[in-house]
Amino acid sequence: RGEGDRRGEGDGEGDLKIRFRRGEGDRRGEGDGEGDIKMRFRRTDDDRFWWVLDGEALREGDLISKRATFSFRVFFKPAKKKVGPLPQKNRPLLSSQPRFASFGMSEFAPVDHHALRRKEVMRVHGRAVQKLCGPEWRSKYVALLLVGASLYASLVLAPSLQRWSTWLLLAYVGGATLSNALFLAIHELSHGLMFTSRGANTAFAMIVNLPIFIPYSVAFREFHLEHHKHLHSERDMDVPTAFEARVVGANSVLRVAWVALQLVVYAIRPMCVRSPTITPAFVANAALQVAFDAAVASRFGYAPFVFQLVSMLMAGGLHPTAGHFFAEHDALHVVDATPQRTYSYYGWLNWVSWNVGFHNEHHDFPYVPGSRLPQLRRIAPDFYDDSSAHSWTRAIVATLTDTRCRPAPATKAQEDKEE
């Protein structure tokens, strides 16, 4: 519904009359029929599609008599002829035959927006995007510089400071920024984006892990890859649990504590759900870190550990670079807003954060290194506009002050729901 011939000229609501055919499995209709979808939509800068914010299907009749809430992307083109039969199975989402409004939906789990967009980006820019995939050989040298800088700050510079105020300033400005950069270097390595072999990436991640003094690189890889595979499900350890959302959501004091200690929450959350898999790499990570920590303690005492602990707490709390913890998936989730809960950030903090702010781009193409994500956005600007971008600083402030913004819990796992 709108002023134009091809698309709406603004946000609004409308009815979509659909016909559906019988599918296989529990997730689709059990027969052919017709139905109405009540939806809200917003205008995009791309003439080819709208992003639908939410929809509620009212399925009536003997075939289906239950309500289902879902999200989907709809493609509209002027019909050159009367709408014919339904599209054949496996027809591309954006059909070259301008006769249908093509869409996909899921009854039990959110639609994988990243898979849908990845498919369309590859259809339009496949060859250019393929050239961006694969390890970035320069990244390992940047990571080594970060390791050296972090060790110098904690072993040499911090113990030499006499004033607590100067010590805290160094921890906030230098230590926290370096800690965040080390975390995200390990994030790059968890996707295999510095070396061509998995073993080399795993081993190098243990080295990058050393200045943090806590062995976590191997366990992080396991949990983070599940985050990509099961985004926003109960198996996703990167998003808040239902307990977090319930406890933190309406309590301003707990909200401040949740933000300030986000790194602690981030570390504890996986252990509350399940334990990491004990593998030889996990044992090697722990053994190497314990040996390194013992060497540091015998030579420098415990002051470096205190400095690094404070720096890490700052890096995962009230610090500008910590905004990615809140802005990427959950903190700006406003009740009844868009179901696509992945947001990008295109500001200057990406310079010290391995471009992790390009988060829609990263989830669409996790095998593109952070250094090439800005190029991916330039290649496919129609798919990555500023409408899904949020400031990291604004994300922290909104989480603290805006009651509409709250931790968005993971959804019930699809396989559990089907059982």
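How many cavities of 30 Å³ or more does the structure hold? The structure holds 2 of them; a cavity is a set of points, on a 1 Å grid over the protein atoms alone, where a 1.4 Å probe fits but cannot get out. This is a predicted model, in which local features need pLDDT of at least 70 and side-chain atom pairs count only at pLDDT 80 or more, while totals for chains, interfaces and linings use all residues. Residues are numbered from 1 along each chain as its sequence is written, and side-chain values use heavy atoms, with hydrogens and water left out.

**Overall architecture**

- The protein has 15 helices and 5 strands; helices (H or I, at least four residues) and strands (E, at least two) are DSSP runs, numbered from the N terminus.
- Of the 419 residues in the protein, 48% are buried, where buried means under 20% relative accessible area, exposed over 50% and partly exposed in between (1.4 Å probe, protein chains only).
- Among contacts (heavy atoms within 4.5 Å) between residues at least 6 apart in sequence, 69% join residues at least 24 apart.

**Helix H5**

- Helix H5 covers residues 217–229 and reaches 18 Å from its first C-alpha to its last, close to the 18 Å expected at 1.5 Å a residue; the expected span is 1.5 Å times one less than the number of residues.
- Because 10 of its 13 residues are buried, H5 is largely enclosed by the rest of the structure.
- Among the buried residues of H5 are Phe-220, Phe-223, His-224, His-227 and His-228.
- The cover over the buried residues of H5 includes helices H3 (164–190), H4 (198–209), H8 (262–273), H9 (280–300) and H12 (359–364).

**Two buried residues**

- Asn-201 is placed in helix H4 and counts as buried, at 3% relative accessibility.
- A polar atom of the Asn-201 side chain lies 3.2 Å from the backbone nitrogen of Met-194.
- Leaving aside residues up to four places away in sequence, Asn-201 touches Leu-189, Gly-192, Leu-193, Met-194, Phe-195 and Thr-196.
- Val-121 is found in helix H1 (residues 113–130) and is buried, with a relative accessible area of 0%.
- Ala-380 is 259 residues from Val-121 in sequence, yet their C-alpha atoms are 6.9 Å apart in space.
- Val-121 also touches residues including Phe-365, Phe-383 and Tyr-384.

**The second largest pocket**

- The second largest pocket has a volume of about 930 Å³; a pocket is an open set of grid points with protein on both sides within 12 Å along at least five of seven lines, and a volume is the space filled by probe spheres set on the points, which are joined across faces, edges and corners.
- This pocket is lined by 37 residues, and the closest to its centre are Tyr-216, Phe-220, Leu-263, Tyr-266 and Ala-267; lining residues have an atom within 4 Å of a point.
- H8 gives the largest share of this lining, 9 residues, and H5 is one of the helices that supply at least two.
- By class, the lining of this pocket has 25 nonpolar, 8 polar and 4 charged residues; Ala, Val, Leu, Ile, Met, Phe, Trp, Tyr, Cys and Pro count as nonpolar, Asp, Glu, Lys and Arg as charged, and the others, Gly among them, as polar.

**The largest cavity**

- The largest cavity has a volume of about 50 Å³.
- Its lining includes Leu-184, His-187, Glu-188, Trp-354 and His-362, and H3 supplies the largest share, 3 residues.
- The lining of the largest cavity divides into 4 nonpolar, 5 polar and 1 charged.

Terms used:
Polar contact = N/O pair within 3.5 Å; in protein donor to acceptor, adjacent residues only side chain to side chain.
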